[in-house]
Amino acid sequence: MSTDVPTTDTATDPYAASSRETTEGTVYTVTGGDWDELIDESSGDERIVINMGPQHPSTHGVLRLVMEVSGETVTDVRLVIGYLHTGIEKNCEYRTWTQGVTFVTRADYLSPLFTETAYCMSIERLLGVEVPTRAEVIRVLLMEINRIGSHLVALATGGMELGALTGMTNGFREREEVLHLLEFLTGLRMNHAFIRPGGVVQDLPEGAEKRILEFCDVMDSRLPGFHQLLTGNAIWQQRLVGVGYLPLDGCLSLGVTGPILRSAGLAWDLRKVEPYLGYEQYDFEVPTETAADSFARYKLRVEEMHQSLRIIRQCVEALEPGPVMVGDAKIAWPAKLSIGADGMGNSLEHVRQIMGQSMESLIHHFKLVTEGFKVPPGQAYVPIESPRGELGAHLVSDGGTRPLRVHLREPSFVNLQAAPAMCEGGLLSDVIAALASLDPVMGGCDR
């Protein structure tokens, strides 16, 4: 039952939320301050305030843009994020180091294997362990396959938002090839949790090399179709050329990385400038453009997929027999995971291996899985090159079996700062193209 007695004097504090006392306690009434403020500022002139999103197909689902327009020209853009906030980083603090993989893989859900890798490499730096060579090659292999799938979604959704529906259907058709291959290699299409601290959860299945090379052949035959369909298309060029312009100094000022930075002429790719996981051993190029517009970013992503195929073929050649997890029994699970015939549960051989060992081994396995391993106190930051730019994992340990702090340097979050600089002064219709060229994934942005 409400007494409806106001307890907050909003006249003395215009920013305070009004409230009333009820039998359940104080209830506050909070209004959309940013919207009200904009309406007040624009009243009396011909400016129009447009609220685009968060339920809008062209804002990648859950991004909100509060735009001020004069005619069809955008004069002011404000980005509002947080509609997909899942608390992934905070949840990791209440799980073991290994269990955290299942959380971070759900951040940037279009490139989950990259977040898993950065997170695990940061843990390994704190532990001071080196991953076996075969596990490193498998990580590179999976990430480059994942990079192709992520870029295909960027092209497909960008085409859908601009009305190029055949580009959308073709992009998602090719992405299905990626997801089928990842499902074969890891057991899941997305949210794999396949990369673990110390290596990978299990070795590649039998016949993996053949399937991977067949995938490369299919992609080599289909990727030129994007150039035939879109690159020379006059409408596609009119919608992208000169749109979303962000020069090199603007990228550097805003901390923008990835294809957006490389479209401005700087060949900054962490796989080359700060190699990790043996990337210095692979022969590939870092494509760049100088136009610094949406069309340049589109062409870059197509070329980057070709370069990823080059790396994937080299990974298959570099696969040598060996372990895929560190030998330290205090980190690696003593029982090697083996999937059953249904692809879901543990095989009978896996259960027999656990139960058939000594009681001490069974107890150790149980404690390692449930309690986890301890990580020495300290902090580490490891950056890698994701499809959207620099993705880093900053982990802090207090010496326990759980992280004290987990923070992801997510490129989607940082790159979205460039949206006002790219959109203000342009046409309302160009906002869609500029935003699509940023390729933000809101799961990673909000996490």
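The model is predicted, so local features need pLDDT of at least 70, side-chain atom pairs count only at pLDDT 80 or more, and totals for chains, interfaces and linings use all residues. Residues are numbered from 1 along each chain as its sequence is written, and side-chain values use heavy atoms, with hydrogens and water left out.

Q: What makes strand 9 and strand 10 a pair?
A: Two strands pair if DSSP finds at least two bridges between them. Strand 9 and strand 10 (residues 389-397) have nine bridges, in the antiparallel sense, so they meet that rule. One of the contacts to look up is I384, whose bridge partner in strand 10 is L391.

Q: Why are strand 9 and strand 11 said to stand at the edges?
A: The open sheet has three strands in the order 9-10-11, paired antiparallel. Strand 9 (378-386) and strand 11 (405-409) each have a single partner strand, so one side of each is left without a neighbour in the sheet. The strand numbers count DSSP runs from the N terminus (E, at least two residues, for strands; H or I, at least four, for helices).

Q: How do you know which way helix 4 runs relative to strand 9?
A: Axes are lines fitted to C-alpha atoms, for helices over the stretch in contact (heavy atoms within 4.5 Å), and angles run from 0 to 180 degrees between N-to-C directions. Helix 4 (residues 112-127) lies across strands 9, 10 and 11, at about 150° to strand 9.

Q: What makes the largest cavity a cavity?
A: On a 1 Å grid over the protein atoms alone, a cavity is a set of points where a 1.4 Å probe fits but cannot get out. Grid points are joined across faces, edges and corners, and the volume is the space filled by probe spheres set on the points. The count comes to two cavities of 30 Å³ or more, and the largest has about 130 Å³.

Q: How do you know which residues line the largest cavity?
A: Lining residues have an atom within 4 Å of a point. The largest cavity has 13 of them, with A154, G158, Y298, A436 and S437 nearest its centre. Helix 5 gives the largest share, four residues.

Q: What makes up the lining of the second largest cavity, by class?
A: Ala, Val, Leu, Ile, Met, Phe, Trp, Tyr, Cys and Pro count as nonpolar, Asp, Glu, Lys and Arg as charged, and the others, Gly among them, as polar. That gives seven nonpolar, four polar and two charged residues.

Note on methods:
On a 1 Å grid over the protein atoms alone, a cavity is a set of points where a 1.4 Å probe fits but cannot get out, and a pocket is an open set with protein on both sides within 12 Å along at least five of seven lines; lining residues have an atom within 4 Å of a point.
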